[in-house]
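Open the structure in your viewer and keep the selection tool ready. We will walk from stop to stop, picking residues as we go.

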Amino acid sequence: MKALFVVYNQAYNQEIVELLETCGQRGYTVWTEVGGRGGLDGEPHLGNHAWPTQNHALMSVVEDSLAAKLMDLLGETDKANPKLGLRAYVLPVDDAL
């Protein structure tokens, strides 16, 4: 099992959820109003007067094979709109309830 952790511009919210559902992944957790600044480029997303945009974050525990497929699809999404901002990480899940 893998934990897929995705941080993305709030404009992507519905698209990311639909991407999971299209791949048959039902379960996920979303955090809204997540501020941050990417380490490579792009503008901060801090939800304030100077930087009004915000991020959302999502985590979903998926089968190993699905993690690779989702990373490919998320990569395509990011390439289509690189200025919006999207980062995704796959982490091992050693145990779960």
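Start by selecting D95, which sits in the segment after β4. This is a predicted model, and everything on the tour describes that prediction. Is D95 buried or exposed? Its relative accessibility is 69%, so D95 counts as exposed; the cut-off for that label is over 50%. D95 and K79 are 16 residues apart along the chain, and their C-alpha atoms are separated by 33 Å.

**Stop two: strand β1**

Next, select A3, a residue of strand β1. A3 has a relative accessible area of 7%, so it is buried; the label applies under 20%. Which residues does A3 touch, not counting those up to four places away in sequence? They are M59, S60, V61, Y89, V90, L91 and V93.

With 25% relative accessibility, F5 counts as partly exposed. If you leave aside its neighbours within four places in sequence, F5 is in contact with W31, A57, L58, M59, R87, A88 and Y89. For a distance in the other direction of the tour, pick G35: its C-alpha atom and that of F5 are separated by 15 Å, and the two residues are 30 apart along the chain.

**Stop three: the aromatic rings**

Ring pairs link F5, W31 and Y89 into a cluster. How many aromatic pairs are there in the model? The count comes to 2. Look at the rings of F5 and W31: their centres are 6.2 Å apart and their planes meet at 65 degrees, so this pair is edge-to-face. That label is used for planes over 60 degrees apart. F5 lies in strand β1 and W31 in strand β2 (residues 29-34), so the pair ties together parts that are 26 residues apart in sequence. W31 has a relative accessible area of 39%, and is therefore partly exposed.

While you are at strand β2, click on E33, which is also found there. Its phi is near 55 degrees, a positive value in a residue other than glycine. E33 has 60% relative accessibility, so it counts as exposed.

Select N13 in helix α1. At 24% relative accessibility, N13 counts as partly exposed. Setting aside neighbours within four places in sequence, N13 is in contact with Y8, V30 and H56.

Now colour Y8, I16, L70, L74 and L86. These are the residues with the most contacts inside the largest nonpolar core, which has 16 residues. Which elements each supply at least two residues of this core? They are β1 (2-9), α1 (13-22), β3 (55-62) and α2 (64-80). Zoom in on I16, which touches Y8, L58, L74 and L86, not counting residues up to four places away in sequence.

From here, hop to T77 in helix α2. T77 has 8% relative accessibility, so it counts as buried. Beyond residues up to four places away in sequence, T77 touches Y12, E15, L19 and L86. Notice that L86 turns up in the contacts of I16 and in those of T77.

**Last stop: the largest pocket**

What volume does the largest pocket have? It is about 500 Å³. The elements that give two or more residues to the lining are β1 and β4 (86-92). If you colour the lining by class, you will find 9 nonpolar, 9 polar and 6 charged residues.

Notes. Residues numbered from 1 in each chain as written. Predicted model: local features only at pLDDT ≥ 70, side-chain atom pairs only at ≥ 80, totals over all residues. Heavy atoms only, no water. Core = buried A, V, L, I, M, F, W, Y, C linked by side-chain atoms within 4.5 Å. Buried < 20%, exposed > 50% of the residue type's maximum accessible area, 1.4 Å probe, protein only. Helix = DSSP H or I, 4+ residues; strand = E, 2+ residues; numbered from the N terminus. Contact = heavy atoms within 4.5 Å. 1 Å grid on protein atoms, 1.4 Å probe; cavity = no way out; pocket = protein on both sides within 12 Å on 5 of 7 lines; lining within 4 Å. Points joined across faces, edges and corners; volume = space filled by probe spheres on them. Nonpolar A, V, L, I, M, F, W, Y, C, P; charged D, E, K, R; others polar. Phe/Tyr/Trp six-rings, centres within 6.5 Å; stacked < 30°, edge-to-face > 60°.
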